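I opened my notebook beside the viewer today. These are my entries, in the order I looked things up.

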Amino acid sequence: MYNKGLVITGIVIFVVFFTSPFLIGLVKSGPPPEPELSPKAKLAKQCVEAKEYMVESHMQMLNDWRNEAVREGKRIYVATDGKEYTVSLQNTCMDCHSNKSKFCDQCHNYAAVNPYCWECHIAPKEKL
Amino acid sequence: MERSRRSFLKILGISTLGLGTLSSVDLLAKAGMGKAEFAPDPKGMTGKRWALVVDVKKLDEDTTQKAIEACHLIHNVPDYGDEDNEEIKWIWTDKYEHAFPGTEHEYLAAEIEEKPFLLLCNHCANPPCVRVCPTQATWQREDGIVMMDQHRCIGCRYCMAACPFGARSFNWKDPRTTYFKDKEPPNPKYPTRTKGVVEKCNLCAERLAVGEMPACVEAVQDSKAIVFGDLEDPHSEVREVLHEHFAIRRKPELGTNPNVYYIV
C-alpha cells in the first residue's frame, strides 16, 4: 500500500469527524433522566401492566389503545391481572401521570422523540 | 453465500411484516405475562342504524341554540364565527330553502320560511364521504355512525367535496394557538383538533359508548324536540315517532340515504 500512514490517518480522521455528533452527544447528554411519578401514580404502585413492559412498550400500547377505542369502539382494557381500565390517554393515563413535563417530556426530549399527542389531547394542568 | 437481490428483498419484506404485526397484547402474551384484552363498555348503547328525528315544530330559536351550544362545548369546537370562511361547525342552522333545496316555493308558509332548521351530519347509510376518503380516516361503523379518526386524517378535504350537506369543516388554523389561546377548551375530557384535519359530528360516539344520549338530544330533552334511536328496532322511539308523523330528509334524491329526519 502506498502512503500507508497518510491513508490510515485520513481514514481515522474521517471516521472521527463523521461520528463526532454521536460522540459529542454521548458525552454531553449524560445519563438518561428517570421519569418522576406523581403522588397518585406512586400510591397506585403499578401501572396498567408491569413497569418494565410499560417502559419498553408504552408506545405500542398507546397505538393499540387508540385503534381499539376509536376504530373498534372497545373502550375497556382488561389488563393481564384482570383489572379493567377505560381506554383513554387523556382521561386514564394522564389522570395518574398528571406530571407530564417530568413523566413524559423529560425522556422524550432526551431521546429526541416528538410525539404529537398533545396537539389535540389536552394535557393535565401542572402546578409549576 | 450467494444471495440474489430478489431473495434478499423477500426476506427483508417478510421480516418487517413480522415486526409490524405484533400488538401490545401479543407482546404481553409472548413475554409470558398473561392475557390482556379489549372489550366494549357494557354500559354502552348498541344499535344497528342510529338515527335522529328532529321535530321542527318543537324547536324555537332558543332551544335550537341550546342544542348547538351543548354540542360545541362538549366537543371543544372553536367558535370562529364566519370570519374568513374558516368556520368550524358540528351542528348549525340554516333556512328551509337551503336545507331542502328544490322543495321551496314562492308561497311557503311564513313559519317555515323564516325558521332556523337544525342541521348536522346525516350519518348517511350510503355515505359519499367514506367512499372518497383515501386513508379511511372517515368510515362507517356497524351501528351506522359515520366516524372520523382524527389520527388518520391527512386533510385532503375530498370528504368535504363529497358531502352534499356541508357537514364537514376543515381546520385552517390550529385551534390551540388561536381560539383556545387565552382560554381553556371547555371540556378537559375531550380532545381538540389540530391544524389540517377535517371534523364533523360524530353522533356523540364517545357518549353512546358509556350509555349517554347525544349531547344535542340531551340539551333539548324537556321539549323532546330531538329523538334518538335505532331505526332497525321496530319498537324504538324513532320508529314510533316516524310512524306517527310525516317526516322528510335532506336531499334524498342524491341516494345517500340520510338518517336524520325532520318533522315539519
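Predicted model: local features only at pLDDT ≥ 70, side-chain atom pairs only at ≥ 80, totals over all residues.

Entry 1, a buried loop residue. I started at B:L203. It has 28 C-beta neighbours inside 10 Å, so it counts as buried. (Buried takes 20 or more other C-beta atoms within 10 Å of a residue's own, exposed takes 12 or fewer, and partly exposed lies in between; C-beta atoms are placed from the backbone.) I found B:L203 in the loop between strand 8 (198-199) and helix 8 (205-208) of chain B. (Helices, H or I with at least four residues, and strands, E with at least two, are DSSP runs numbered from the N terminus.) I also checked the backbone: B:L203 is not a glycine, yet its phi is positive, about 50°.

Residues are numbered from 1 along each chain as its sequence is written, while chains are lettered from A and ligands numbered from 1 in the order in which they are written. Chain B averages a pLDDT of 93, and 98% of the residues score at least 70.

B:N257 is not a glycine either, and its phi is near 60°. I located B:N257 in the loop between strand 10 (247-248) and strand 11 (260-263) of chain B. Is B:N257 buried or partly exposed? I looked up 15 C-beta neighbours inside 10 Å, so B:N257 counts as partly exposed.

I looked at strand 4 (residues 117-120) of chain B, which is covered on both faces. B:F117 and B:L119 are buried on one side, B:L118 and B:L120 on the other. Strand 3 (residues 91-94) of chain B pairs with strand 4 of chain B, antiparallel, over four bridges. (Two strands pair if DSSP finds at least two bridges between them.) Opposite B:L118 I found B:T93. Next I moved to B:E97, in helix 4 (residues 96-99) of chain B. B:E97 has 15 C-beta neighbours inside 10 Å, so it is partly exposed.

Entry 5, the shape of chain A. I counted five helices and two strands in chain A. Along the sequence they follow α-α-α-β-β-α-α. The radius of gyration of chain A is 22 Å, well over the 14 Å that the globule rule gives for 128 residues, so chain A is more spread out than a compact globule. (The radius is taken over C-alpha atoms; the rule is 2.2 Å times the number of residues to the power 0.38.) The C-alpha trace of chain A spans about 70 × 35 × 30 Å along its principal axes. Of its 128 residues, 14% count as buried.

How many residues does each chain bring to the contact? I noted 27 from chain B and 27 from chain A. (Two residues are in contact if their C-beta atoms, placed from the backbone, lie within 7 Å.) On the side of chain B that touches chain A, helix 2 of chain B gives the most, with four residues. Strand 1 (residues 76-78) of chain A and strand 1 of chain B run antiparallel, joined by three bridges. There A:I76 stands opposite B:A39.

Key:
pLDDT = per-residue confidence, 0-100.
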